[in-house]
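Please look over the chain below before reading on. The report then goes through it piece by piece.

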Amino acid sequence: MKLHIKNMVCDRCQWVVKNEIEALGLSIKTMTLGEVELFETVTAETKNEIKKRLESFGFELIDDKRSRLIEQVKTLLIDLIHHKNADINLNLSEYITSTIPHDYSKLSNLFSEVEGISIEKYYIQLKIERVKELIMYDELSLSEIADLLHYSSVAHLSNQFKKVTGFSPTFFKQIKEAKRVQIDRVSEL
């Protein structure tokens with residue numbers, strides 16, 4: 001049985017979900033970001049218990065197809081930016097449809113309708129949140145960050161950063177109360 005889980009966006013999320021499901025005596029067959037496949041078929045009562053446990057950590061079980069598709073798109077983009085450093089050889093729409101076998105225009109319209117933001121703008125906001133994270137770590141230069149996230153130049157990164165945040169990356173680095181947005185809240189900006 002497959003469970004689709006909203007806000008499961010990182011390795012720690014997987015660890016929490018794994019622990020909560022195994023605490024109920026269930027066995028996990030496979031687990032990826034946003035999805036868990038169990039060996040067992042669960043009853044409605046067990047599913048409600050899973051739902052309750054996961055909600056206490058900010059996760060949600062997703063039952064409808066539309067929400068699952070949107071969560072798949074989000075998870076795919078988060079994985080691309082955080083684990084693959086935005087390294088794609090295709091344009092964004094081709095990348096998404098190569099993994100999620102649906103018509104891109106339908107996915108895009110659904111995403112915009114439900115999230116109130118286009119897939120492209122969501123992707124840009126995710127990239128900017130990653131840039132903020134890397135700036136705050138203070139381990140890479142702006143040039144190295146631009147290379148890592150496949151910006152064409154530091155100027156391109158800086159322009160996009162300023163357009164989204166209102167600050168230059170240099171100014172952002174200087175302000176003490178620099179705030180980042182949690183990944184699962186990016187579409188709320």
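Asn 7 sits in the loop that joins strand S1 (2-6) to H1. This is a predicted model. The phi of Asn 7 is positive, about 75 degrees, although Asn 7 is not a glycine. Is Asn 7 buried or exposed? Asn 7 has a relative accessible area of 14%. The cut-off for buried is under 20%, so Asn 7 counts as buried.

## H1 against H2

Helix H1 covers residues 11-23, and helix H2 covers residues 44-55. The two pack at an angle of about 145 degrees. Their axes lie 10 Å apart. The crossing of H1 past H2 is right-handed.

Which residues meet in this contact? H1 supplies Val 17, Glu 20, Ile 21 and Ala 23. H2 supplies Ile 50, Arg 53 and Leu 54. By type, the contact has five nonpolar residues, two charged and no polar ones.

An α-helix has 3.6 residues a turn, so residues three or four places apart point the same way.

## Ser 108 in H5

Helix H5 spans residues 104-115 and contains Ser 108. Ser 108 has a relative accessible area of 14%. That value is under 20%, so Ser 108 is buried.

Ile 70 is 38 residues from Ser 108 in sequence. In space, their C-alpha atoms are 9.2 Å apart.

## Helix H6

H6 runs over residues 119-137, with 19 residues. How far does H6 reach from its first C-alpha to its last? The span is 27 Å, close to the 27 Å expected at 1.5 Å a residue. H6 is also mostly covered. Of its 19 residues, 14 are buried.

## From H7 into H8

His 150 lies in the loop between helix H7 (142-148) and H8. The phi of His 150 is near 60 degrees, a positive value in a residue other than glycine. His 150 has 44% relative accessibility.

Gln 160 belongs to helix H8, residues 154-165. Gln 160 is buried, at a relative accessible area of 15%. What does Gln 160 touch, leaving aside its neighbours within four places in sequence? The contacts are Ile 124, Ile 128 and Tyr 151.

## The whole chain

The protein chain has nine helices and four strands. From the N terminus on, the order is β-α-β-β-α-β-α-α-α-α-α-α-α.

The C-alpha trace spans about 55 × 40 × 25 Å along its principal axes. Of the 189 residues in the protein chain, 41% are buried. The accessible surface comes to about 10,700 Å². Carbon and sulfur atoms hold 48% of that surface.

How many of the contacts between residues at least 6 apart in sequence join residues at least 24 apart? The share is 60%.

Key. Residues are numbered from 1 along each chain as its sequence is written. This is a predicted model: local features need pLDDT of at least 70, side-chain atom pairs count only at pLDDT 80 or more; totals for chains, interfaces and linings use all residues. Side-chain values use heavy atoms; hydrogens and water are left out. Axes are lines fitted to C-alpha atoms, for helices over the stretch in contact, and angles run from 0 to 180 degrees between N-to-C directions. A crossing is left-handed if the near helix is turned anticlockwise from the far one by less than a right angle, and right-handed if clockwise. Contact means heavy atoms within 4.5 Å. Ala, Val, Leu, Ile, Met, Phe, Trp, Tyr, Cys and Pro count as nonpolar, Asp, Glu, Lys and Arg as charged, and the others, Gly among them, as polar. Buried means under 20% relative accessible area, exposed over 50%, partly exposed in between (1.4 Å probe, protein chains only). Accessible areas come from the Shrake-Rupley method with a 1.4 Å probe; for residues, only the protein chains shown count as cover. The expected span of a helix is 1.5 Å times one less than its number of residues.
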